[in-house]
Amino acid sequence: MSSVIQVQGLTKKFGHQFTAVNDLSFSVNKGDVYGFLGQNGAGKSTTIRMLLSLITPTSGSIEIFGMPLQANRAAIMQNVGAVIEKPAMYEYLTAYQNLKIFSALSGVSKTRLQLLHELDVVGLAARAHDLVRTFSQGMKQRLAIAMAMVNDPQLILLDEPTNGLDPQGIADIRNLILQLSRVQGKTVLVSSHLLSEIEQVATRLIIIDKGCKLVEGDSKDLFDKSKTVVAIQTLNNIEATKQLMQTNWASHVLIDRSSDKEICMQLDEKLLPTLHKNLVEMGIGVLSVKPMHSLEDYFLRITSTPSYV
Amino acid sequence: MFSLVQVELYKIFKRPRTYIAFGAVAALIGIIQFGLKLDGKSYLDFMLNDLSSSLEIDGKILNGYLVCYVMLQLLLVHVPLLIALIAADMISGEANMGTLRLLLIKPYSRTTLLLAKFIAAIIYTLMLLVWLAILALFGSMLLFGTDDMFLLKTSYVVLLKESDVFWRYIGAFGFAALAMTTVAALGFFLSVFAENSIGPIVATMSVIVFFTILSTLNIPIFNIIKPYLFTTHMIGWKEFFDIKVNASNEAIIGSIQNPEKIVKASLVLVAHTIGFFVATLLVFRKKDILS
């Protein structure tokens, strides 16, 4: 499968003190809905801004559509649409006027009817000629998406697109992402702190923390029940780990993720009752056995921030 | 490029703030014209107080040409503020609204975008001056009529024939356009450093006030830098109204007393405009857009 985005060793330092993104490498394939996950301040927005050439990387390389970004910026941007954090637009203009401006800036010549149709697609046809300053946050977000799509881009970057939206707005965005990907065959990179939303739409994902990649892979692998990650807490986790390593369960223990606070194992969810029984038989004082079903659990574990979300 | 300039102009002229400048110019000119129409004689008596005993003046002194000159002296000091309102907002205003990032992900280089914005700012500046010219010159010509132009300078008087005045105004407004373009370039340059409009607008005016004070201070140590300050040359439009005299002390129609001064002032202003734009470009091309 061809890569739409190929990032290698991307680093961004602000001044000498702060490294926002540190040696980040990942690739996004054609047709992917690529989830970009991380806490606030993890480096997601900085990375997306580097992908859009709004921020110059300190080092590393970015290729989009197989072309180096810096040398082919204009050609690449013909095929890219983006919504970056909070929706931005000219509030003293109407929705139609905003869309018309960004259509012209994208080098796309669209008729009045075509523009109105695009506003209709995002549910704003009735408010097309109202000033944007009278819009709710959700309406602005929908207009921002229409503006990002006006040049019919092949790659769409959405940075926190559900910020400030009500549940209906969030569902609308989710459906839109699925439609863009599955019906229109677009490649979408979407970042969000609403992990459950990403879980529902992403085909591949990356989790970053403090600017570094923690994990990247197919969603189906990360959510594969035959590879469920289980967090076990016992009275003495270090001793219990030693005991487990001498049994048939040894191959399931994730040593690098285990600590004195918990033991991490990866196994088929169907084996959980047997594991529990064996632990008791071994005389291990089990306090809890918690399968991490959702991406949110997974995310919280590996970024070690239980208070997050 | 053309479509980018069109978009920039569309945004400028859709914004209510833009019309403050046009409204302010119209209001000020209207008030001055109203005052002079009603009580022009008192103004003239006051102006000619020292000369009334030594000169006999015939004809219509308070005519459209003189009224326009009086207004330009007053207004061209304040027009920079009105220009700064738009020019200093061109980039910082977009950063404040968050739209700068949207513009910069479109398939244009930063240089092209900046050039389009600068051209739009210059067009706005020129339109404001055309508006000023229509109201101050043509409006006054209509209201007060035309005649020879009598100007009272610090140590001498200038008398320009009616037929010798109009082209001087074209030159003066052309020069004013250069001076105001320099102001626009300064505002544009300062705009690149901020993420709200107030800072660059105030900074632009502060720089102009500061340099103007330096330009007018009669302290020898500052004389070295005065010729290089753009503010020293902003009043160069007045040179169009100084006329050469021959050996018999007769005015030479169609002449300017010191054309070299106008050329030099124009070059300093153009150099500043180019300098400010190049500096803007250098900063903007490397700027990380975090707004």
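This is a predicted model: local features need pLDDT of at least 70, side-chain atom pairs count only at pLDDT 80 or more; totals for chains, interfaces and linings use all residues.

Student: OK, strand S8 of chain A. How many of its residues are buried?
Tutor: Five of the five residues in S8(A), 187–191, are buried. Buried means under 20% relative accessible area, exposed is over 50%, and partly exposed is in between (1.4 Å probe, protein chains only). Strands here are DSSP runs of E with at least two residues, and helices are runs of H or I with at least four, numbered from the N terminus.

Student: And which residues sit on each side of S8(A)?
Tutor: Thr187(A), Leu189(A) and Ser191(A) are on one side, with Val188(A) and Val190(A) on the other. In a regular strand the side chains alternate between the two faces of the sheet.

Student: How many bridges join strand S7 of chain A to S8(A)?
Tutor: Five, and the two strands run parallel; strands pair if DSSP finds at least two bridges between them. One of the partners in S8(A) is Thr187(A), which pairs with Leu155(A). From S7(A) the chain passes through helix H6 of chain A, residues 167–183, to reach S8(A), in a right-handed β-α-β crossover. Right-handed means that, with the strands pointing away from you, the path from the first strand over the helix to the second runs clockwise.

Student: What about strand S3 of chain A, how many bridges there?
Tutor: Four bridges join S3(A), residues 33–37, to S8(A), also in parallel. Phe36(A) stands opposite Ser191(A).

Student: Switching topic: how many salt bridges are there over all chains?
Tutor: The search finds 19, each being a side-chain nitrogen of Lys or Arg within 4 Å of a carboxyl oxygen of Asp or Glu. For instance, Arg204(A) and Asp218(A) have their closest N and O atoms 3.1 Å apart. Arg204(A) is in strand S9 and Asp218(A) in strand S10 of chain A, 14 residues apart.

Student: Is Asp218(A) buried or partly exposed?
Tutor: Asp218(A) is partly exposed at 24%, whereas Arg204(A) counts as buried at 14%.

Student: What does Glu94(B) pair with?
Tutor: Its partner is Lys117(B), with the closest N and O atoms 2.9 Å apart. Glu94(B) lies in helix H4 and Lys117(B) in helix H6 of chain B, so the pair ties together parts 23 residues apart in sequence. Glu94(B) is buried at 5%, and Lys117(B) is buried at 2%.

Student: Last topic: what volume does the largest pocket have?
Tutor: About 650 Å³, taken as the space filled by probe spheres set on grid points joined across faces, edges and corners. On a 1 Å grid over the protein atoms alone, a pocket is an open set with protein on both sides within 12 Å along at least five of seven lines, a cavity is a set of points where a 1.4 Å probe fits but cannot get out, and lining residues have an atom within 4 Å of a point.

Student: And which residues lie nearest the pocket's centre?
Tutor: Of its 27 lining residues, those are Thr231(B), Thr232(B), His233(B), Met234(B) and Ile235(B).

Notes
Residues are numbered from 1 along each chain as its sequence is written. Chains are lettered from A and ligands numbered from 1 in the order in which they are written. Side-chain values use heavy atoms; hydrogens and water are left out.
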